[in-house]
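Q: Hi, I'm new to this one. Could you walk me through it?

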Amino acid sequence: MQKLLCLSSILVTSLALAACSNNNSSAADADHNASKHLNRATEQLKEDSISDAKIKLTFNDKEVVVRMYDNPTSKEFLVRLPLTVTFEDYIGKEKISILQKRLSADDVQAGDLSKKGNFAYYAPWGNVAIFYKGFEDATNDLIILGQIESGKENVENINGDFTVTIEKVTK
């Protein structure tokens, strides 16, 4: 009987060790697959370099072209395009439009001082802004999405509310 007990203990221990080694193999395979997926995603991101992304704002037969920056909030904004929104003047320095759905502002470096020509997102209000004058007051909630490349004067010279179509510029 004692031999039977000893043999059964050895058998149970052997099965447990075999199961553990099989799990380690699966974990290693899962890590390898995750790493392969991450590498593919990184390669895809390089191919679709966001820093080369541009958007066009069209209003009143005028255009503004913005080169987008490489940050998660900019990427999320690009995914939502095309959009049609209404801008209004705010404090004589920027044109703003509150988005229907807020952008995620997690893990993004905010707090930049705005400069003339910035296209930005203000997280507390959920609005995008086009700065046509610099703004000296820093805020921790301003995320710069991009910089105007052409058409700054079109924003400066418009009065009142205006409807804008925003779309990606395709090459």
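Q: Is Phe-59 buried or exposed?
A: Phe-59 is buried, at a relative accessible area of 3%; buried means under 20%, exposed over 50% and partly exposed in between, with a 1.4 Å probe and protein chains only. This is a predicted model, where local features need pLDDT of at least 70, side-chain atom pairs count only at pLDDT 80 or more, and totals for chains, interfaces and linings use all residues. Residues are numbered from 1 along each chain as its sequence is written, and side-chain values use heavy atoms, leaving out hydrogens and water.

Q: Which ring pairs with Phe-59, then?
A: Phe-162 does, in a tilted pair with 5.0 Å centre to centre and 50° between the planes. Rings of Phe, Tyr and Trp (its six-membered ring) pair if their centres lie within 6.5 Å; planes under 30 degrees apart are stacked, over 60 edge-to-face, the rest tilted.

Q: And what about Phe-162, buried or exposed?
A: Phe-162 is buried too, with 3% relative accessibility. Phe-59, Phe-87 and Phe-162 form one aromatic cluster.

Q: How many aromatic pairs are there?
A: Five. One of them is edge-to-face, because the rings of Tyr-90 and Trp-125 have centres 5.3 Å apart and planes at 90°. Tyr-90 is partly exposed at 29% relative accessible area, and Trp-125 is partly exposed at 39%.

Q: Switching topic: how many residues has the largest nonpolar core?
A: That core has 28 residues, and Ile-55, Phe-77 and Ile-166 are among those with the most contacts inside it. A nonpolar core is a set of buried Ala, Val, Leu, Ile, Met, Phe, Trp, Tyr and Cys residues joined through side-chain atoms within 4.5 Å.
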